[in-house]
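This report concerns selected local features of one structure.

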Amino acid sequence: MAFLEHTLGIMLHPDREWKAIRKDKHSFRQVFFSHVPILALIPTLAFLYGVTQIGWTIGSGDPVKLTMMSALELCGLTYFALLIGVYVLGEFINWMAKTYGVKDSEERRHYEGTALAVYITTPVFLAGIFGVYPDLWLNAAATLIAGAYSVYLVYEGIPILMNISKDRAFMYASSVVTIGLVMMVIVRIGSVLLWNLGVGPVYVD
């Protein structure tokens, strides 16, 4: 139930929800494994359905679809990349905590860093539902809106969750956003490299 409360709450009333998350006594493992493996299934399964059953259209041509085996391979890689990405982001947040004056214990900072990474990526995971209809502009718009809300959650959440001043929180949040953008670029480059190694899409004839 806590999963549903925080996931919906962070979208509807983030200020109140960050305070509730701050009061939780969970470990970083609990917050990670009770959320990320489930949330990451949303874009993975949505795109699996979209690219194999609906397809996308280029110009006035017929819908383009992937074979089921190719889609399973690519979506599987995407799923594990999402898990690793959130975990690494949480570790970076925890690593920077002392620099920005977070005074909680190491164990507590580890929870806070992971919790921040989990909940700021929640809008992007939820926006992945639009993958059931893999239209480029629709998915780009949904991702852009979700990404903007995630950035808002970073700046809103850090002073509450980490219990630091707004001045320090602003610098901390800016660093988190920068790391997130760098990780996105790394993922893009990694995708290109995988394609060059032969792990690319196979289309239905």
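## Salt bridges

A salt bridge is a side-chain nitrogen of Lys or Arg within 4 Å of a carboxyl oxygen of Asp or Glu. The structure holds five of them. It is a predicted model in which local features need pLDDT of at least 70 and side-chain atom pairs count only at pLDDT 80 or more, while totals for chains, interfaces and linings use all residues. Residues are numbered from 1 along each chain as its sequence is written, and side-chain values use heavy atoms, without hydrogens and water.

D104 pairs with R22, with 2.9 Å between the closest N and O atoms. This pair links distant parts of the chain, 82 residues apart: D104 is in the loop between α6 (68-96) and α7 (106-120), and R22 is in helix α2 (residues 14-23). Helices (H or I, at least four residues) are DSSP runs, numbered from the N terminus. R22 also forms a salt bridge with E112 (2.7 Å, N to O); E112 lies in helix α7, 90 residues apart from R22.

## Surface patch

Y49, I54, I129, F130, V132, Y133 and L138 form a nonpolar surface patch with about 610 Å² of accessible area together (Shrake-Rupley method, 1.4 Å probe). Patch residues have over 30% relative accessible area and no salt bridge, and nonpolar side chains are joined within 5 Å.

## Backbone feature

N163 has a positive phi of about 55° although it is not a glycine. N163 lies in the loop between α9 (136-161) and α10 (166-196). With 55% relative accessibility, N163 counts as exposed (over 50%).

Conventions:
Helices (H or I, at least four residues) and strands (E, at least two) are DSSP runs, numbered from the N terminus. Buried means under 20% relative accessible area, exposed over 50%, partly exposed in between (1.4 Å probe, protein chains only). Patches are made of residues with over 30% relative accessible area and no salt bridge: like charges are joined within 9 Å, nonpolar side chains (Val, Leu, Ile, Met, Phe, Trp, Tyr) within 5 Å.
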